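Reader: Could you walk me through a few residues in this model? I would enjoy some questions and answers.

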Amino acid sequence: MSQSSLLILNAILALMMFGIALSLKAEDFKRVVLKPKAPLTGILAQFLILPLMTWALTMVIPMPTQVALGLILVGSCPGGSFSNIMTYLARGNTAMSVSMTGIASLAAVGMTPFNFALYASLNPATAELLKQIAVPPQDILMVVVFVLAIPLSLGLLAGRWLPVFAQRSEGAFRFISLFTLLLFVLIALARNWSEFVAGASIFLLVVVFHNALALMVGWVTARGMKLNNADTRAVTLEVGLQNSGLGLGIIFTFFGSLTEMAIIAAAWGIWHLVSGLSLAWFWHRRDRQEQAQEAKA
């Protein structure tokens, strides 16, 4: 991919993060300060437990080195904005989900490059691959700052000082988010279509298993902290729906020759929407059944 194409893609990703920040308000961060238990549980699961479990997965299950590196990168990314929508559909705590997405996106500026460098270095196979590519961690940090920190800061300022613009444009930016993610996914798959078809069974199996692991990490951590049902659903979906668009942006910028790594992130971008919608539908349907039974009693 040419440098101009990479610049455009990263600019679109930054625009997506700007749109996320438009929906954040000071109350979202005050909520974390006043009731930190649930959002901190989500952050703990997102940046400490999931990357560790992902690394363990790559060490226990034999898989191609590029696939392992792709899983480590996706597992190091923050939750995506779609977790807010899925939490709403699942009747979870949407306000807390929005707060957690904002905090996680800010924390990802440091935690995503750190976790990726740490766990990739702890796997002998991926460590050797990274030595051959020689991508300095500070270069990844700069990309994350460009596509996360700066647009989030600008979005928060715009939401604070231009509330009418923020309210009117929020829906458009959500559409851009979905379009951007699908664009990244289609580009990744189109560029590596023959490799994807040849190893589709392995790629899909690994992605489905890893996504199930991420959802399970969120749910078990939330239950372990004795969160209520609404907060448990928000934490589960936040951890289970990663910002794979950020992962693809990093891959296109630094790992363009690693086709299997790009395929893993692209497949994640599709599958986590399927699993998130399915889980939201399951919880929503179970709530309606319980309400119907209570009405009959």
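Reader: Happy to start in a helix: in which helix is Leu152 found?

Author: Good place to begin! This is a predicted model, where local features need pLDDT of at least 70 and side-chain atom pairs count only at pLDDT 80 or more, while totals for chains, interfaces and linings use all residues. Residues are numbered from 1 along each chain as its sequence is written, and side-chain values use heavy atoms, with hydrogens and water left out. Helices are DSSP runs (H or I, at least four residues), numbered from the N terminus. Leu152 falls within residues 137-161, which form helix α8.

Reader: Is Leu152 buried or exposed?

Author: Relative accessible area under 20% means buried, over 50% exposed, and in between partly exposed (1.4 Å probe, protein chains only). Leu152 has a value of 1%, so this residue is buried.

Reader: Which residues is Leu152 in contact with, leaving aside its neighbours within four places in sequence?

Author: Contact means heavy atoms within 4.5 Å. One of the partners is Leu106, which lies 46 residues away along the chain, with a C-alpha separation of 7.7 Å.

Reader: Now to the loops: is Arg91 buried, partly exposed or exposed?

Author: Arg91 sits in the loop between α5 (82-89) and α6 (94-122). Its phi is positive, about 60°, although Arg91 is not a glycine. Its relative accessibility is 36%, so Arg91 counts as partly exposed.

Reader: And what is the relative accessibility of Lys226?

Author: Lys226 belongs to the loop between α11 (200-224) and α12 (229-240). Its phi is positive too, near 60°, in a residue other than glycine. Lys226 counts as exposed because its relative accessibility is 71%.

How values were computed:
Helix = DSSP H or I, 4+ residues; strand = E, 2+ residues; numbered from the N terminus.
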